[in-house]
Amino acid sequence: MRPSHAGSALTLMTISITGVCCFEVHGVDPGPPVLDDFEDGDLLPSLRPFMAWSCGAFSPDATLDCMLTDGFVSSFGLSVAFSISDPPDGKQQHGGVYLMTLADRPIDLTASSAITFDVRLTSATTAFPPGALMHLDLQCSTAVGENGDAMVDFLLVQSIAFTADWSPVSLAISNFGPPPWQPEHIQGGAPACLRAVDGIQFTFDAAILDGQTGAGVFSIDNVQLR
Amino acid sequence: MVTRSGSAAVLLMAMSMTAPACFSVDRVDPGAVVIDDFDDGDFVPAMPELAYWWCYAFNPSTSRDYHCDHTDGYLSRYSLFVEFSLQDPLDGVQQYPGAGLVAWSGGATLDFTRYRELILSMKLQSGIPPIPSEAKIYVELHCRTVQGESGAPVPDFYLTLSVSPTSDWSTFRLALANWTPPPWQTEHIKGGIPACLRAIDGISIDLSGELKDGATGSGTLFIDGLSLQ
């Protein structure tokens, strides 16, 4: 029995080495493209053409340090710690923070069905006001306005439900649209922007009350396109 | 010659009547459809699927400082207006009070994916105290029969789009590809934006006054010539 098996194995090896490879390499599912799971411990996304993650605040604008912290059941996630003060002027400035990666060329997301990720937002002070908003923004800096002018800051948004614990989120690509507070519109609408996405930004508008201060940590992990 | 032409015509007619219809009905442009031009002076929209125009205030919805009626239109007999006074209570929070006009369907839904744009004319007449220049008009398309991604109904779901108001009549051509769920709506629906556009059952036009905390303002919002193209 043993010599017979050895002979079969030798025959199989010979066929393997000399034979034509008749298997379908295209049929292998590589799984969803991972934009970044942060497990390599750096700020460079796994998916090209996206470039290094950056973190910052808006209203007022400031650059913040991105931190690699504990992930969602993993070694690393991406976090930004923040403190936001709203000046006492009768108006809520809607200051907030973001985690962002820009691409060095536009990509077409119309073939993707969803973006999935894990998210967590913890407060270092009291809970954020009910008006606090988290949203994922898809930037398309090459969009053209309906009047023919370039609209370099144009983006599509979709809201994110968030908690103080890690939670998985899946956002259908078909649900992204221009922010309703943007009164200028682009040629071709949301589909035109989805075909030319060159930035992905996770945004938290803390909706701090007039004259108040808020602080916290905003974390993301396992960002994938499906 | 006459006989031959007549035979050819009869043959062509016979072929037309008996041959299969080999054209694509999906490509037929429905043309412009009037939602309402208000020129009949009533509150019933011209679009038969919509039941009635009425007006309201919001933030708070209990406000009664508004009323609506008809007046001179934009190059036409009548337009519809809502006159309002807004107040933001002094509490450290901007409540974004506003007022609007809405037409709900009587139960039918409308498929807006057949159209490219919604056209309407508007003007905002600021009162005393005035409405801030940051004020925005939100044109909202409601779809109250859609299902959330969980399968549960999302009875208040709508798509929205903003425009900056003008003090003189302006006509806005708003591409339907630019409407989106508001980011403060955290529940998402099955089929996304197209699913809502296929099941529209209400149209509203809201003026958000963008008042500062503790501020007041008043004004009148006029609308005219609503149509789909």
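B:Phe38 counts as buried because it has 25 C-beta neighbours inside 10 Å; buried here takes 20 or more other C-beta atoms within 10 Å of a residue's own, exposed takes 12 or fewer, partly exposed falls in between, and the C-beta atoms are placed from the backbone. This residue sits in the loop between β1 (33-36) and β2 of chain B, and its phi is near 65°, a positive value in a residue other than glycine. Strands are DSSP runs of E, at least two residues, and helices are runs of H or I, at least four, numbered from the N terminus.

Before going on, some ground rules: this is a predicted model, where local features need pLDDT of at least 70, side-chain atom pairs count only at pLDDT 80 or more, and totals for chains, interfaces and linings use all residues. Residues are numbered from 1 along each chain as its sequence is written, with chains lettered from A and ligands numbered from 1 in the order in which they are written.

Over in chain A, A:Ala207 also has a positive phi, near 50°. Look for A:Ala207 in the loop between β11 (197-205) and β12 (213-225); with 22 C-beta neighbours inside 10 Å, A:Ala207 counts as buried.

Now for the peptide bonds. Most are trans. A:Ser59 and A:Pro60, though, are joined by a cis one, with omega about 5°, and A:Pro60 is in the loop between β2 and β3 (62-64) of chain A. In chain B, the bond from B:Asn59 to B:Pro60 is cis too, omega near 10°; B:Pro60 is in the loop between β2 (50-58) and β3 (66-71).
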